[in-house]
Amino acid sequence: MPILRTALFLALFALVPLTAPLTAKAQSFDQLATGGVGGWLNVTRPLTVDDMKGRLVLLDFWTYGCINCMQIAPDLEKLEEMFGDRLLIIGVHSAKFKGEQGSDRILDAAKRFGLKHPVANDSDYAIWKTYKVNAWPTQVLLGPGGTEINRYVGEGHLEKIKADVAANVKQVTNTTSVAALVNSENAKGTLSFPARMAVGPEGTLFVADSGHNRILQIDQNGKIKATIGSGTRGLKDGTYNNAQFNLPRGMVMFDEKLYVADTNNHAIRKIDLKKQIVETIAGHGQKGDVASPWDLETLDDNRSIAVAMAGRHQLWSLNTRSDKLSVLAGSSAEALIDGRANTAALAQPSGLSSLPDGTLYFVDAESSALRMLNKGDIKTLIGTGLFDFGKEDGVYPAAKLQHPQGLAASADAIYIADTYNDAIRVYDRKTGTLSTLDLPADSLREPGDVLLVANKLWIADTNHHTIKVYDLDSKILTEIGINP
């Protein structure tokens, strides 16, 4: 059984070894103004000391694969709306995974999350060490001269930050425009960060066009048959044209209806394909009991749907007759611990796939693990710890993944979207061997999902904003043009 590194993790957020006091001394803005080893991102020009001096500065230390970091993004947006140019928020990206270190990847994440502030690429942890940070996420509030006012570790500190900013806002002397520094240009194209796919009726497929906050129904030639959602970010029920989503991801067909994990709305939506109506059946737009649902999959009892509740580090079950949710597996601790479903620990479950024998396979992104739930027990097939990741073929424990987010199980193999390795991996169910699909170099960029349909792998090539298909017989990878 994999062993949890208890010194490095708490239930709600990741920790690095505690080697320094939690409170930093007053710092000048000089090192911060370097933008880190990777420089400034999401801005029209590099920030300077003069941009920071004279105003309150909130440093948000994050790493973009961390669900807890994602879940405070709405808090940062509310602070920006409330305090405007009196408060400068700076995202300091100190990467956990090697695959998160590239500036282009961090910028993609900033665009995907809709961040409206400058981001520094701190991949060598220089800024992290300067401010003596120990956890993701951490926010550090600085006064107009760089002196630390307070810091906030983990989630749930919006009201305290608001109070601290309000108490110190009279010190602000610099109110030049902050918004003008941010690069608002977004990716152009039919798709924007496609995250997940699902099999639809009559040979069609559904694509979660997450960056556009909508769902597309396409045929297998890429022709759009229906567009679900107005494209405006929000939580609104109604017709296809009026409904609103917020970064939708996992979907599954059940009883002629499409169920959707509306991730950033912390909600489960149900779409009646005949009436063309979208309905919210769980969640209310804010993190609550439902927290960042990431994927959905049918269970074998003919009435329930499994939910990868990433924000709770659990698997939940949705009863389709009553629309009631209940915990299926996971203690809610963020860890890699096997055993009975109610005591096992998960780490940001992100993708689900089931087989007719009742086995539910899933990937835990933060522990870079492939795991299974069968007859009430959780077992890890690939993965050994929260900080153990890489790209190694072979068998457990040597084989490694890096922050996988999607998978598709078949009778013989499990195909894995190995997101941060830009790869599709193949787990042989008989031998337990993990291998890598031989694809052209640089053909994928952070694939978010893989779907098996008639011996073809459909791949959500998320950061290339495309859908690709790999024919398992011909070994050819092609891009599907999405067209009206």
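Strands S33 (residues 456-461) and S34 (residues 466-471) form an antiparallel pair with six bridges. The model is predicted: local features need pLDDT of at least 70, side-chain atom pairs count only at pLDDT 80 or more, and totals for chains, interfaces and linings use all residues. Residues are numbered from 1 along each chain as its sequence is written, and side-chain values use heavy atoms, with hydrogens and water left out.

**Exercise 1.** Determine the order of the strands in the open sheet that contains S33 and S34.

*Solution.*
Step 1. Strands are DSSP runs (E, at least two residues), numbered from the N terminus, and two strands pair if DSSP finds at least two bridges between them.
Step 2. The open sheet has four strands in the order S32-S33-S34-S35, with antiparallel pairing.
Step 3. Strand S32 (449-453) and strand S35 (476-480) are the edge strands, each pairing on one side only.
Step 4. Within the S33-S34 pair, Ile459 stands opposite Lys468 in S34.

**Exercise 2.** State whether Arg214 is buried or exposed, and identify the partners of its side chain.

*Solution.*
Step 1. Arg214 lies in strand S11 (residues 214-218).
Step 2. Its relative accessible area is 18%. Buried means under 20%, exposed over 50%, and partly exposed in between (1.4 Å probe, protein chains only); Arg214 is therefore buried.
Step 3. The Arg214 side chain reaches the backbone oxygen of Thr190 at 2.8 Å.
Step 4. The side chains of Arg214 and Asp209 make a polar contact at 2.7 Å (a pair of N or O atoms within 3.5 Å; within protein, one must be able to donate a hydrogen and the other to accept it, and residues adjacent in sequence count only if both atoms are side-chain atoms).
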